[in-house]
Amino acid sequence: MYQEALQLVSHLSAPEKAQLLQWIVSDMGNAFPGIERRAGVAGGDACIVRTRIPVWLLVQARKEAESDAVILTAYPQLRAEDIANAWAYYHAHREEIERAIQENEEA
């Protein structure tokens with residue numbers, strides 16, 4: 001089935017692929033590819049997959065007027081896609097991330 005889907009998608013135009021992607025993201029609901037939460041990793045905070053970099057840390061850096069380019073330079077293991085995933089997660093889980101920032105500032 002996977003191969004059939006790949007073959008069908010390869011025949012779509014760029015706008016059709018974009019529309020399909022939007023539908024898939026919408027259908028996935030609250031799933032955030034590239035973001036994971038695991039007990040015992042960064043206190044269970046949402047992190048970038050393959051790293052122990054919490055989303056709250058990236059959001060805090062951005063609030064301190066750091067650009068995406070500066071963040072990517074500071075964390076060379078990150079990709080632009082990781083930053084985009086972090087911002088999407090933040091927008092969907094603003095209270096959680098703001099609470100984590102506050103807790104870490106107080107620590």
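Arg50, Arg79 and Asp82 are linked in a network of salt bridges, a salt bridge being a side-chain nitrogen of Lys or Arg within 4 Å of a carboxyl oxygen of Asp or Glu. By this rule the count comes to 6 salt bridges. The model is predicted, so that local features need pLDDT of at least 70 and side-chain atom pairs count only at pLDDT 80 or more, while totals for chains, interfaces and linings use all residues. Residues are numbered from 1 along each chain as its sequence is written, and side-chain values use heavy atoms, with hydrogens and water left out.

**Salt bridges**

- Helices (H or I, at least four residues) and strands (E, at least two) are DSSP runs, numbered from the N terminus.
- Asp82 is buried, with a relative accessible area of 1%, whereas Arg50 counts as partly exposed at 46%; buried means under 20% relative accessible area, exposed over 50%, and partly exposed in between (1.4 Å probe, protein chains only).
- Arg37 forms a salt bridge with Glu96, the closest N and O atoms being 3.3 Å apart; Arg37 lies in the loop between β1 (35-36) and β2 and Glu96 in helix α6, so this pair ties together parts that are 59 residues apart in sequence.
- Glu96 counts as buried at 17% relative accessibility.
- Arg38 pairs with Glu36 in a salt bridge whose closest N and O atoms are 3.5 Å apart; Arg38 is partly exposed at 44% relative accessibility, and Glu36 is partly exposed at 24%.

**Loop between β2 and α3**

- Thr51 is placed in the loop between β2 (47-48) and α3 (55-63), and at 10% relative accessibility it counts as buried.
- The side chain of Thr51 reaches the backbone nitrogen of Ile53 at 3.0 Å.

**Negative surface patch**

- Glu64, Glu66, Glu103, Glu105 and Glu106 form a negative surface patch, patches being made of residues with over 30% relative accessible area and no salt bridge, with like charges joined within 9 Å and nonpolar side chains (Val, Leu, Ile, Met, Phe, Trp, Tyr) within 5 Å.
- Glu103, a member of this patch, is in helix α6 (residues 94-106) and counts as partly exposed at 48% relative accessibility.
- Glu103 and Ala5 are 98 residues apart in sequence and 45 Å apart in space, C-alpha to C-alpha.

Definitions and conventions. Accessible areas come from the Shrake-Rupley method with a 1.4 Å probe; for residues, only the protein chains shown count as cover. Lys and Arg count as positive and Asp and Glu as negative; His and the chain ends are not counted. The place of a charge is taken as NZ of Lys, CZ of Arg, CG of Asp or CD of Glu. A polar contact is a pair of N or O atoms within 3.5 Å; within protein, one must be able to donate a hydrogen and the other to accept it, and residues adjacent in sequence count only if both atoms are side-chain atoms.
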